[in-house]
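The sequence and the structure are shown below.

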Amino acid sequence: MTREFTVSDSIVVDATAEDLYDAISDPTHMGSWSPENLGAVVLDPRDSAYVGMQFDGRNKRGRAQWVTRSTVTVADPGKTFEFRVFAIGVKSPRLKGANATWRYDFEPTPQGTKVTETWTDDRRKWPGAVAFVFDKIVTSGKTFPEFQRRNIRKTLENLQTHFAAK
């Protein structure tokens, strides 16, 4: 079985690219939209996201909970926000290693803004068979790409609903 390393989906949201960027680039708010994330703590907060900004994200899947540490790698207001998850742990992000990259691209349209969310599996050094078995265990039978495809769709729909209610 060939490993799929990138999953992406898009949705049009009735909001400006700048407003969407501001919302998504504040990781403390991601728990409002994501089916897994419960929010985050920014380690050196400033007025807005910046390249090099680190944050610890709290996550939950079923009864399992964990913490990740991420670094912002792209912070281009109204255009792109990207971060890489580089550490993970149960109560604190102690286990370091490439995990995943999350990217959000914003493209103005006549109806608002097309938001594209992309997940990239950065576990390139993991043998395919190990990743396959690990993924099936922690996602209740799915590969991470299958699992993330569903999560991305739900996050985008929740974002669309949030802005429609404003």
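A pocket is here an open set of grid points with protein on both sides within 12 Å along at least five of seven lines, and its lining residues have an atom within 4 Å of a point. The model is a predicted one. By that definition, strand 6 contributes the most to the lining of the largest pocket, giving eight residues.

**The largest pocket.** The space in the largest pocket amounts to about 1,000 Å³. Its lining comprises 45 residues, and those nearest the centre are Trp-66, Thr-68, Val-85, Ile-88 and Asn-99. Among the elements that give two or more residues to this lining are strand 4 (64-76), strand 5, helix 2 (128-138) and helix 3.

Seven strands, in the order 1-7-6-5-4-3-2, make up an open sheet with antiparallel pairing. Helix 3 (residues 144-164) lies across strand 1, strand 3 (54-61), strand 6 and strand 7 (112-121), and runs at about 15° to strand 1.

| Strand pair | Sense | Bridges | Residues between the strands in the hairpin |
|---|---|---|---|
| Strand 4 and strand 5 | antiparallel | nine bridges | three residues |
| Strand 5 and strand 6 | antiparallel | eight bridges | five residues |

In the hairpin of strand 4 and strand 5, Gly-78 adopts a positive phi near 75°. Arg-84 of strand 5 stands opposite Thr-71, and the bridge partner of Arg-84 in strand 6 is Thr-101. Glu-82 has Arg-103 as its bridge partner in strand 6.

**Thr-101.** Thr-101 is located in strand 6 (residues 95-109). Is Thr-101 buried or exposed? Thr-101 has a relative accessible area of 6%; because buried means under 20%, Thr-101 counts as buried. Its side chain makes a polar contact of 2.5 Å with the side chain of Asp-122. Leaving aside residues up to four places away in sequence, Thr-101 touches Glu-82, Phe-83, Arg-84, Thr-118, Trp-119, Thr-120 and Asp-122.

Notes
Residues numbered from 1 in each chain as written. Predicted model: local features only at pLDDT ≥ 70, side-chain atom pairs only at ≥ 80, totals over all residues. Heavy atoms only, no water. Helix = DSSP H or I, 4+ residues; strand = E, 2+ residues; numbered from the N terminus. Buried < 20%, exposed > 50% of the residue type's maximum accessible area, 1.4 Å probe, protein only. Polar contact = N/O pair within 3.5 Å; in protein donor to acceptor, adjacent residues only side chain to side chain. Contact = heavy atoms within 4.5 Å. Pairing = 2+ DSSP bridges. Axes fitted to C-alpha atoms, helices over the stretch in contact; angles between N-to-C directions. 1 Å grid on protein atoms, 1.4 Å probe; cavity = no way out; pocket = protein on both sides within 12 Å on 5 of 7 lines; lining within 4 Å. Points joined across faces, edges and corners; volume = space filled by probe spheres on them.
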